[in-house]
Every structure is written in structure tokens, then in C-alpha cells.
Amino acid sequence: MQKILFPAVLAALLLSLHPTAASAYIGPGVGAGAIAAVLGVIGSIFLAIVGVLYYPIKRLLKGRKSKTAKSSGGSKPAA
């Protein structure tokens, strides 16, 4: 089994590495769509990171503001 498998794998590897001319054309619509898809994935990853980092920081800062407002609001006399 191994005597047959090794030459077959070696032949497949050598044939896959042999360069040939590709008869393919990617039009401008497909290229623009591919660029848009890549930018969409990068943008969604960026927004996910910002969302994960922004909201806890926003909540922390909001908690500090409410604590300072409560402490300073109690010391002022009512008009």
C-alpha cells in the first residue's frame, strides 16, 4: 500500500506545482465586490472591538459622573 501511495502523492504534488497559464478574467464588478467584502469584514471586526471596549468605559465614566453629582448636589442649599 505504501509503495503505491508515496509515488502517487509525489506525482500529485509535482503536478500541482507545475505552472500553467490561467485562462481566467475577473471583471471590475467582481473585483469591486471582493474589495467591498474584505472591507466589510475588517470594518465589522473593528466595530466589534470598539463596541467591546467602548461600552464598559462609557458605563464607568457615567458611574463616576453620577457619584460626583450626588456628592456635590447634596451640599448646595435649596433655593
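Me: How many aromatic pairs does this predicted model hold, and what makes the pair of Tyr 54 and Tyr 55 edge-to-face?

Reply: The predicted model holds one aromatic pair. The ring centres of Tyr 54 and Tyr 55 lie 5.3 Å apart, and rings count as a pair if their centres lie within 6.5 Å. Their planes stand at 65°, and an angle over 60 degrees counts as edge-to-face. The pair of Tyr 54 and Tyr 55 is therefore edge-to-face.

Me: Why is Tyr 54 called partly exposed?

Reply: The relative accessibility of Tyr 54 is 45%. Buried requires a value under 20% and exposed a value over 50%, with partly exposed in between. Tyr 54 therefore counts as partly exposed.

Me: Is Tyr 55 buried or exposed, and how do you know?

Reply: Tyr 55 has a relative accessible area of 52%. Since exposed means over 50%, Tyr 55 is exposed.

Me: What makes Leu 53 an exposed residue, and where does Leu 53 lie?

Reply: Leu 53 has a relative accessible area of 52%, and the limit for exposed is over 50%, so Leu 53 is exposed. Leu 53 lies in helix 2, which covers residues 28–73. Leu 53 also belongs to a nonpolar surface patch with Val 41, Ile 45, Ile 49, Val 52, Ile 57 and Leu 61. Together these residues have about 660 Å² of accessible area.

Me: Why is helix 1 said to lie largely in the open?

Reply: Helix 1 has 16 residues, and the number buried is zero, so helix 1 lies largely in the open. Buried would require a relative accessible area under 20%. In the chain of 79 residues, 1% count as buried.

Technical notes. Residues are numbered from 1 along each chain as its sequence is written. This is a predicted model: local features need pLDDT of at least 70, side-chain atom pairs count only at pLDDT 80 or more; totals for chains, interfaces and linings use all residues. Side-chain values use heavy atoms; hydrogens and water are left out. Patches are made of residues with over 30% relative accessible area and no salt bridge: like charges are joined within 9 Å, nonpolar side chains (Val, Leu, Ile, Met, Phe, Trp, Tyr) within 5 Å. Accessible areas come from the Shrake-Rupley method with a 1.4 Å probe; for residues, only the protein chains shown count as cover. A salt bridge is a side-chain nitrogen of Lys or Arg within 4 Å of a carboxyl oxygen of Asp or Glu. Helices (H or I, at least four residues) and strands (E, at least two) are DSSP runs, numbered from the N terminus. Buried means under 20% relative accessible area, exposed over 50%, partly exposed in between (1.4 Å probe, protein chains only). Rings of Phe, Tyr and Trp (its six-membered ring) pair if their centres lie within 6.5 Å; planes under 30 degrees apart count as stacked, over 60 as edge-to-face and the rest as tilted.
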